[in-house]
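Here are my notes on the model you sent over. I've kept to the charged pairs and the pockets, as numbered points.

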Amino acid sequence: MNKVQRALLVMMDDLDAVLRTAGIPYTLAFGSALGAVRHKGFIPWDDDMDVLIHRDYEVRMVQALKEGLDPKKYTLVEPYTQDWLRTYYKVKLNNSLAIEEKYKNTRVHQGLFIDIFIAYPYPRSMVRRAFYGAFMRFDALLHVISDGQIGNEKYDLMMRPIFFLYRATSKLLDFVTEGVVDKYTPRTTTWKKLIDASCFDDHMDIEFENDHCYMITREWDMMLTDEFGDYMTPPPEEERTTHLIEYHLDDVLEEVDP
């Protein structure tokens, strides 16, 4: 493991403890779930962690993290705020530096992070799905326009209407997904990769990097197959991407990983 992964494990241990204490189920998701199954830990080139939580637990989760995480150690970045117009949360490690290319000139907290995605319901009827798709394409356009500019002082005035449109679009998406659903989506730019509702029915513990244990859906095989297809075959080297362009952890590593 490298320095980033060592620090992420400590962060994930703290996050896991808070969520378990609050009775909030979660599942490792995306690259973190894939790493847990295929590598028994991190994907070797990965430099963040992904967690997925059902929307029914979102309010409780926010309260639990604000009360349970040490504010001297962590900052919770919340979605749909002036400097973070995204649909997911980030738990950031204070006094660390972990810069993503598109956010390097913004005011968003630049610390090492765990992404917490919310599983939003996806409509069942074809009509509602058509409206949902239209709104998500508009949302994706706003995403392209605002990337690297939200939270950048030079673009604050120009981004005000984008901020309004983002929040309005989220309300419209909620409206068209009312009722019983059988699929969920994190509402990111990969929103078409749907997650079956059964993935939130039951969770289990999975070993991660030998002596750590985190939650994952019991339907992890279905979730990973839907996301990656043949998930046990690593991608070619040219597709093994990372998130960070720069990081500095030496000042905090002894504190988080004595």
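1. Asp196 and Lys183 pair through their side chains in a salt bridge, at 3.2 Å from N to O. Asp196 sits in strand β8 (residues 195-196) and Lys183 in strand β7 (residues 183-185), so this pair links parts 13 residues apart in sequence. Keep in mind that this is a predicted model.

2. Lys183, with a relative accessible area of 25%, is partly exposed.

3. Next, Arg218 and Asp202: their side chains form a salt bridge at 2.9 Å, N to O. Arg218 is in the loop between β10 (212-217) and α6, and Asp202 is in the loop between β8 and β9 (203-208), so the contact ties together parts 16 residues apart in sequence. Arg218 is partly exposed at 48% relative accessibility, and Asp202 is partly exposed at 40%.

4. Then there's Asp83 with Arg107, another side-chain salt bridge, at 2.7 Å from N to O. Asp83 belongs to the loop between β3 (74-77) and β4 (89-93), while Arg107 belongs to the loop between β5 (97-100) and β6, so parts 24 residues apart in sequence are tied together. Asp83 comes out as partly exposed at 24% relative accessibility, and Arg107 as partly exposed at 39%.

5. How many salt bridges does the structure hold? The count is 19.

6. The largest pocket has about 990 Å³ of space. Its lining runs to 34 residues, with Phe30, Gly31, Asp50, Thr241 and His243 nearest the centre. Elements giving two or more residues to that lining are α2 (30-38), β6 (113-122) and α6 (220-228). Helix α2 gives the most, with four residues. By type, the lining splits into 12 nonpolar, nine polar and 13 charged residues.

7. The second largest pocket has about 240 Å³ of space. Which element supplies the largest share of its lining? Helix α5 (residues 156-176) does, with four residues. The lining divides into four nonpolar, one polar and six charged residues.

8. One last thing to look at in that second largest pocket: its lining includes Arg55, Glu58, Asp174 and Arg187.

Technical notes: Residues are numbered from 1 along each chain as its sequence is written. This is a predicted model: local features need pLDDT of at least 70, side-chain atom pairs count only at pLDDT 80 or more; totals for chains, interfaces and linings use all residues. Side-chain values use heavy atoms; hydrogens and water are left out. On a 1 Å grid over the protein atoms alone, a cavity is a set of points where a 1.4 Å probe fits but cannot get out, and a pocket is an open set with protein on both sides within 12 Å along at least five of seven lines; lining residues have an atom within 4 Å of a point. Grid points are joined across faces, edges and corners, and a volume is the space filled by probe spheres set on the points. Ala, Val, Leu, Ile, Met, Phe, Trp, Tyr, Cys and Pro count as nonpolar, Asp, Glu, Lys and Arg as charged, and the others, Gly among them, as polar. A salt bridge is a side-chain nitrogen of Lys or Arg within 4 Å of a carboxyl oxygen of Asp or Glu. Buried means under 20% relative accessible area, exposed over 50%, partly exposed in between (1.4 Å probe, protein chains only).
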